[in-house]
Amino acid sequence: MKYYLMVLCCCVFSWSQSQDCNATFSGEVHDFHDGTPIINATIFIESLNKYTTTDINGRFSIDNLCNALISVEVSHLACETKTIDVNIVNDTFIEINLEHHIEELNEVKVTGTSGIKLTKTAQETHLKSDVIDRFSSLNLGDALKQISGVSSINTGNSIVKPVINGLHSSRIIVMTNGVRLQDQEWGIEHAPNIDLNTAGSINVIKGANALAYGGDAIGGVIVLKPSNITLKDSLYGKTIVSGNTNGRGYNLNTSLTKTYKKGWYLGAQASLKRLGDMEAPDYSLTNTGLNTKGFSINGGFKTFQKGFNVYYSYLDNEIAILRAAHIGNIEDLVNAINNPQPLVIDDFSYDINAPKQDVTHQVFKTEFYKRFKKFGRVDIQYDYQNNHRFEYDIRVGDDRDKPAIDLTLKTHTLKTSVTLDSKNNISYNFGVNAGYQNNFAANTGVRRLIPDYDKYDLGAFIVSELKLNNDLSLDFGLRYDFNQIDAKKYYLTSRWNERNYDSDFGNIVIDDLGTQLLTNPVFNYHNVSASAGIAYQLNEYNSFIFNYGLSNRAPNPSELFSDGLHHSAARIELGDLRLKQETSNRISGSYNFQKNNLSLNIEAFYNYIKDYIFIEPTGTEQTIRGAFPVWSYNQTNAALYGLDLTANYSFNDHWFLNNKSSITKGKDVSQDQALIDMPSFKTVNIIGYSNPKWLDLKTELQSEWVFRQNDYPNNNFEVFIPTTGQMELVDVSTTPPAYHLLHLQSNISLDISEKTDLNIGLNITNIFNTNYRENLNRLRYFADDVGRNIMLQLKLNY
Amino acid sequence: MKTLTLKTIKQVSLLFLISIAFTACSSDDDNTNNPEPVNEEEVITTLTATLIPVGGGTIVTMQTRDLDGDGPNAPVVTVSSDLVANTVYNGSLVLLNETESPAGEINEEIVEESNDHQFFYNVTNSIATFTYEDFDDNGNPLGLEFTLTTAATAMTGNLTITLRHEPSKNAVGVSDGDITNAGGETDVQAIFPVVIQ
């Protein structure tokens with residue numbers, strides 16, 4: 001119909017041109033967000049082949065038009081082209097708003113879908129989708145290790161937790177599509193429940209400077225965002241298939257997205273991953289398989305001015321834990337440590353037996369935003385997460401197939417924020433959030449590790465970015481959070497008395513069952529966080545960033561309430577109701593140099609954490625199973641400092657060298673000793689070659705050299721071993737030796753059709769099948785790390 | 001311009017209204033219910049060894065009892081009387097979960113899964129020797145029933161009774177009662193001070 005109208009218009013026009021056509025079409029073009037006039041915008045009337053440009057005041061005028069409906073295209077560099085229909089009735093004036101500086105605006109959005117950096121003055125690194133695709137069959141933690149200063153703490157090969165500058169677990173915030181992940185991140189054996197394949201890009205911000213995400217990210221923030229949606233009529237997708245020799249497994253990921261020029265979009269993604277027992281160079285790592293199923297749906301409407309997003313994701317991870325790591329008492333641990341090989345080695349199998357975890361995580365999110373002229377943008381978001389965690393121990397009798405842990409964690413979060421960016425040199429972002437979380441621990445016949453609780457969060461923040469001139473920007477942030485935790489926990493009466501809780505917390509006992517007490521601890525925490533940063537571009541090549549962050553973190557449920565035997569560690573872990581929140585003061589500075597073929601980035605930090613919560617050995621207890629060391633959560637003052645280096649040198653268009661090195665030191669200032677679980681010094685050197693003419697070949701050889709961690713607290717102790725009748729040293733402290741691994745990675749791309757290309761990748765990790773143990777892998781007492789893996793990956797973009 | 005600003009305010013306020021509505025909806029839980037207490041099902045609190053001398057004499061019982069399981073209290077170990085030198089005792093074990101009422105007997109579960117369990121008897125100073133008297137489906141020793149032969153002379157030493165779950169029953173020495181290569185996980189480990197008279 002429109003087409004006919006247009007044709008009609010044209011006819012009328014051709015006919016009427018000879019007639020008397022004196023109408024003037026004039027108007028003004030403004031920048032949508034600050035209302036300033038846009039100079040040199042092109043106004044084009046296609047049907048008449050007439051055009052003009054706007055003047056210094058954004059004004060334009062076209063004479064000699066006939067009364068008719070015309071289609072006008074308005075375009076400007078750095079703006080999205082806009083087409084509008086105008087009905088010319090004599091002299092017609094209209095006001096047109098263009099969406100100026102789209103890229104720039106996206107950078108300051110918290111829930112944006114594009115843009116490289118999320119902060120101006122923080123130590124931040126961005127991983128693009130091609131890097132993420134390479135790790136399609138691995139974990140978030142594996143992918144993030146590509147960043148200097150990020151390492152991981154593992155329980156085997158499938159439970160990988162990212163560590164930023166020596167800090168992990170509840171000291172790190174993980175954001176996925178605008179949702180703060182709530183998945184019992186407090187435990188070392190609890191890896192983030194994220195399918196890496198749902199992310200189009202990942203940003204890692206070191207330190208607590210991105211206050212919009214939360215005030216307790218003493219370690220840092222990891223932001224995963226889905227792929228950017230472009231506003232055009234299109235249907236596109238991606239399928240990745242990979243096969244691994246180690247674990248004899250496969251990984252399949254496929255996604256499809258439909259977008260419309262008007263702004264509507266709908267995408268879906270699904271992934272499957274299956275691995276059998278992994279292999280160390282000399283033996284099979286019995287019971288280390290994996291079975292992962294996940295899918296997500298992402299849809300909505302998006303324009304510059306307004307939009308909404310509805311997102312749902314489902315992920316089920318069934319992860320086997322090395323059979324030999326399940327031990328009964330301290331004598332078993334001594335046997336395991338002293339034995340060069342794991343005590344259980346069976347033939348390869350895909351079976352996932354106890355000990356194992358089966359975790360289902362679901363996220364539902366809905367978000368709405370609107371941009372107001374000369375004001376800014378308002379966002380509102382609600383999300384719901386359901387995390388259901390089963391842990392299966394080796395049990396006997398009727399309970400053999402019953403989980404030992406059955407936790408359901410439900411979290412509702414509502415947040416709203418306002419971004420004021422109508423002024424060019426200053427922007428404000430402020431918002432509030434409210435959260436409610438409920439944990440339910442089902443009765444499994446094993447005493448609850450984490451009790452039932454309700455948790456309430458309320459937060460408010462304001463962040464301001466100030467651009468003094470082209471070379472200098474500043475930012476400031478302030479945030480307040482209130483947390484309340486209201487738990488119902490059973491204590492063994494003997495434990496309650498042994499901890500002296502009867503004198504300090506007698507009033508929270510609500511039921512006395514004789515051997516057990518039901519208690520109702522309610523704790524409130526007030527946290528204030530602040531940040532300030534400065535980014536300075538000295539000249540074309542040199543730039544600096546300095547920032548300061550103050551943050552507070554309330555103790556998590558594990559630190560407060562842990563109370564019981566931990567099988568894989570053969571230790572009794574005790575939380576403490578008396579813990580206060582910890583306070584971090586972090587200063588950091590970065591230097592960036594970029595000239596011709598050389599780029600260099602050096603990041604330094606010093607993080608002083610008052611009342612740092614950590615776990616340390618405090619004695620031994622006898623049970624009918626034998627003796628166990630007791631590890632208790634305590635607080636100390638800690639200082640962490642370090643240096644992360646990234647350097648890149650290109651010899652020519654084909655060859656490049658890259659170095660990523662990172663050193664982190666952790667010190668318990670109060671006790672004057674090293675902090676436990678600090679990452680070792682690591683240096684990664686890469687030599688790479690690429691050639692677009694050879695099917696776009698990209699290949700690199702990576703040398704990963706991890707030094708021995710020489711700074712560790714001595715937590716060794718002696719224990720009486722009844723079967724030998726002797727005292728024996730339990731060496732849980734001595735760190736494994738340094739190791740060096742070589743990896744190869746290469747890929748080529750083939751154009752299959754105009755819109756389809758195939759990328760074939762070959763990755764070999766641990767080429768020489770080197771035996772090694774990593775200090776930050778909790779299973780290092782029991783077995784070597786995994787050996788060589790050859791992965792073939794096919795990626796089809798269509 | 002003015003109408004636009006008004007509209008802006010209206011829309012912003014609408015958003016906040018929606019947000020309040022959401023907050024109001026989200027508190028939907030029943031906090032009044034207390035969680036049910038967990039009585040550990042397969043915990044072993046008590047191991048009692050009864051030793052009956054062949055040909056008559058004083059019956060000796062040895063017991064280890066840890067009513068708070070993994071709690072801070074150490075197990076209470078008792079030995080009823082001294083053993084007589086150069087004597088053969090018929091021994092048997094009873095394992096109980098006394099956190100339940102009435103106490104649950106664990107022996108049944110161990111017998112049902114006898115292929116996955118084995119008791120080991122270790123002594124210091126060679127105060128006694130042991131022979132298994134009961135066997136699993138594969139003919140390997142289990143150890144709930146045993147005979148104990150005391151040394152010929154008076155002496156003291158320790159008797160350690162260990163229950164291993166999923167031991168390598170076919171490993172070298174394991175069927176003879178040598179724990180060295182047994183592997184598996186320790187479910188019970190009790191040390192009794194013994195006097196031979």
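Me: Hey, how many helices and strands are there in chain B?
Reply: Chain B has 2 helices and 10 strands. Helices (H or I, at least four residues) and strands (E, at least two) are DSSP runs, numbered from the N terminus. This is a predicted model, where local features need pLDDT of at least 70, side-chain atom pairs count only at pLDDT 80 or more, and totals for chains, interfaces and linings use all residues. Residues are numbered from 1 along each chain as its sequence is written, chains are lettered from A and ligands numbered from 1 in the order in which they are written, and side-chain values use heavy atoms, leaving out hydrogens and water.

Me: What pattern does chain B follow along the sequence?
Reply: Reading along, you get α-β-β-β-β-β-α-β-β-β-β-β.

Me: And how much of chain B is buried?
Reply: Buried residues are 44% of its 197 residues. Buried means under 20% relative accessible area, exposed over 50%, and partly exposed in between (1.4 Å probe, protein chains only).

Me: OK, switching to chain A. What's its secondary structure?
Reply: Chain A comes to 8 helices and 45 strands. Its radius of gyration is 30 Å, close to the 28 Å that the globule rule gives for 798 residues, so chain A is as compact as a globular protein of that length. That radius is taken over C-alpha atoms, and the rule is 2.2 Å times the number of residues to the power 0.38.

Me: What box do its C-alpha atoms fill?
Reply: Roughly 115 × 65 × 55 Å, taken along the principal axes. As for burial, 61% of the 798 residues of chain A count as buried.

Me: What about the turn between β15(A) and β16(A)?
Reply: Those two strands form a hairpin with 4 residues between them. In that turn, G247(A) has a positive phi of about 95 degrees.

How values were computed
Pairing = 2+ DSSP bridges.
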